[in-house]
Amino acid sequence: TELVANKIFTTVIASLRSFESLHALEKSSQGLAKILEGATNLYQLHSLKEFASGILKQIGAILNLGEYGMLCAQSKNDQQSFDVLAATGSFTPLLEGHPLPEDSRLLIALNTALKSKCSQSDYPNEVLYIAGRNSYDFVVHFSPPWPLETVDRNLLDIFCERISAAMDNLYLYQQLRRSQEATVMALADLG
């Protein structure tokens, strides 16, 4: 009977580990599906502020957080400050120019992410770094109600890579649009 009890115990433990692995795979699969769907939707936006707001919505959807956070941009020419492009929840006043307190943990985390060019995780302050290939780098802050798991962090890393490419495309689209408008204006002046 002791041998049977050990076999049952071993079988139950192995089954629980298998269930845990399957659950993690399912969560990853769902997260990747949300990333692909969200990135596709973001490619259709043509203004940086709309795009930034869409990023906040997609991060909330990936992690089931709701929309709560902010996205900031820092010019590669001026690395002393950053602009808030989108904000939700208690961060909304930042859109109107209200600054974060100089000694806040969040401001320190944002500046650290921008200087080190990598995401910062100091629960409850999660800061994602998104490298821009053109003239700006971006950081996204959100406060999940629980510490993020490794699976969630991996999904966010993939999302940030996709967003970086999408932001570069948006920048190029805006440059092309400006050039087209300038060409039309120059042709109008000739006629």
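Let's start with strand β2, residues 83-87, which is mostly covered: 4 of its 5 residues are buried. Keep in mind as we go that this is a predicted model. What does β2 pair with? Its partner is strand β1, residues 69-75, and the two run antiparallel over 4 bridges. If you want a landmark on screen, find Cys72, whose bridge partner in β2 is Val84.

Now zoom out to the sheet. It is an open one, with 5 strands in the order β2-β1-β5-β4-β3 and antiparallel pairing. β2 and β3, the latter being 120-122, are the edge strands, each pairing on one side only. From one strand to the next, the twist averages 20°.

On to β4 and β5. Strand β4 covers residues 125-130 and strand β5 covers 136-142; they are antiparallel, with 5 bridges joining them. Here the pair to look for is Leu128 with its bridge partner in β5, Val140. Helix α4, residues 150-190, packs on the sheet and touches β1, β3, β4 and β5, with its direction at about 40° to that of β4. Then there is helix α2, residues 48-63, which lies across β1, β2, β4 and β5 and runs at about 55° to β2.

Of the 191 residues, 34% are buried. Among contacts with a separation of 6 or more, 56% are between residues 24 or more positions apart. The chain exposes about 11700 Å², and carbon and sulfur atoms supply 57% of that.

Next, the charged pairs. How many salt bridges are there? The count comes to 4, and I'll walk you through some of them. One joins the side chains of Asp122 and Arg105, at 2.7 Å from N to O. Asp122 is partly exposed, at 40% relative accessibility.

Another salt bridge brings together the side chains of Glu126 and Arg153, at 3.2 Å from N to O. Because Glu126 is in strand β4 and Arg153 in helix α4, this pair ties together parts that are 27 residues apart in sequence. Is Glu126 buried or exposed? Its relative accessibility is 3%, so Glu126 counts as buried. Arg153, on the other hand, is partly exposed at 29%.

Last stop, the surface. Which residues form a nonpolar patch there? They are Val4, Ile8, Val12 and Leu16, with about 370 Å² of accessible area together. Take Ile8 as the example: it is found in helix α1, residues 2-42. With a relative accessible area of 52%, Ile8 passes the 50% cut-off, so it counts as exposed.

That's my tour, and I'm happy to go back to any part of it on screen.

Note on methods:
Residues are numbered from 1 along each chain as its sequence is written. This is a predicted model: local features need pLDDT of at least 70, side-chain atom pairs count only at pLDDT 80 or more; totals for chains, interfaces and linings use all residues. Side-chain values use heavy atoms; hydrogens and water are left out. Buried means under 20% relative accessible area, exposed over 50%, partly exposed in between (1.4 Å probe, protein chains only). Two strands pair if DSSP finds at least two bridges between them. Patches are made of residues with over 30% relative accessible area and no salt bridge: like charges are joined within 9 Å, nonpolar side chains (Val, Leu, Ile, Met, Phe, Trp, Tyr) within 5 Å. Accessible areas come from the Shrake-Rupley method with a 1.4 Å probe; for residues, only the protein chains shown count as cover. Axes are lines fitted to C-alpha atoms, for helices over the stretch in contact, and angles run from 0 to 180 degrees between N-to-C directions. Contact means heavy atoms within 4.5 Å.
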